[in-house]
Amino acid sequence: MTIISWIILGLLAGAIAKFLLPGRDPGGLIGTTLIGVAGAFIGGWISARWMDHPITKDFYDGTTWASAIGGSLVLLVAYRLLFGNSRN
């Protein structure tokens with residue numbers, strides 16, 4: 001997959017992670033989408049590095065999507081724990 005594919009996947013993974021983990025985010029919509037993009041990159045890297053599932057050229061691979069969404073969820077939870085009280 002190209003870098004553009006990973007960015008698109010990250011935007012969609014961030015939206016799915018936000019849907020799975022509702023609530024107020026300290027960064028708003030832009031912060032959540034950037035976390036989704038970063039989560040897709042990190043999830044794909046972890047999947048390729050430690051889970052023995054190389055990054056394929058197929059955009060519709062279920063494992064790639066699961067790793068991107070998982071990475072986005074982890075980053076979103078970490079972001080909320082670190083900066084959760086900044087919007088009160």
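1. Helices, as the word is used in this note, are DSSP runs of H or I with at least four residues, strands are runs of E with at least two, and both are numbered from the N terminus. Serine 67 is found in one such run, helix α3, which covers residues 62-83. The model is a predicted one, in which local features need pLDDT of at least 70, side-chain atom pairs count only at pLDDT 80 or more, and totals for chains, interfaces and linings use all residues. Residues are numbered from 1 along each chain as its sequence is written, and side-chain values use heavy atoms, with hydrogens and water left out.

2. On the overall make-up, the protein has 3 helices and 0 strands, and its pattern, read along the sequence, is α-α-α. Of the 88 residues in the protein, 34% are buried, where buried means under 20% relative accessible area, exposed means over 50%, and partly exposed lies in between (1.4 Å probe, protein chains only). The accessible surface comes to about 5600 Å², and 71% of this surface belongs to carbon and sulfur atoms; such areas come from the Shrake-Rupley method with a 1.4 Å probe, and for residues only the protein chains shown count as cover.

3. Contact is taken to mean heavy atoms within 4.5 Å. Among contacts between residues at least 6 apart in sequence, 78% join residues at least 24 apart.

4. Helix α2, residues 28-49, has 22 residues and reaches 31 Å from its first C-alpha to its last, which is close to the 32 Å expected at 1.5 Å a residue, the expected span being 1.5 Å times one less than the number of residues. The buried residues of α2 are Gly31, Thr32, Ile35, Gly36, Val37, Gly39, Ala40, Gly43, Gly44 and Ser47, and these residues pack against α1 and α3.

5. Helix α3 likewise has 22 residues and reaches 31 Å between its first and last C-alpha, close to the 32 Å expected at 1.5 Å a residue. Its buried residues are Thr64, Trp65, Ser67, Ala68, Ile69, Gly71, Ser72, Leu76 and Arg80, and what covers them includes α1 and α2. An α-helix has 3.6 residues a turn, so residues three or four places apart point the same way.

6. Serine 67 deserves a separate look. This serine counts as buried because its relative accessibility is 12%.

7. The largest nonpolar core has 7 residues in all, namely Trp6, Leu9, Ala13, Ala40, Trp65, Ala68 and Ile69. The elements that give two or more residues to this core are α1 and α3. A nonpolar core here is a set of buried Ala, Val, Leu, Ile, Met, Phe, Trp, Tyr and Cys residues joined through side-chain atoms within 4.5 Å. Isoleucine 69, when its neighbours within four places in sequence are left aside, is in contact with Ala13, Ile16 and Leu20.

8. Helix α1, residues 3-20, gives the most to the nonpolar patch, with 6 residues.

9. Leucine 12, which lies in helix α1, counts as partly exposed because its relative accessibility is 39%. The C-alpha atoms of leucine 12 and alanine 68 are separated by 9.2 Å, although the two residues are 56 residues apart along the chain.

10. Two exposed residues complete the note. Tyrosine 60 has its place in the loop between α2 and α3 and counts as exposed at 68% relative accessibility; it is 51 residues from leucine 9 in sequence and 9.7 Å from that residue in space, C-alpha to C-alpha. Valine 74, in helix α3, is exposed with a relative accessible area of 58%, and it lies 38 residues from glycine 36 in sequence and 9.9 Å from it in space, C-alpha to C-alpha.
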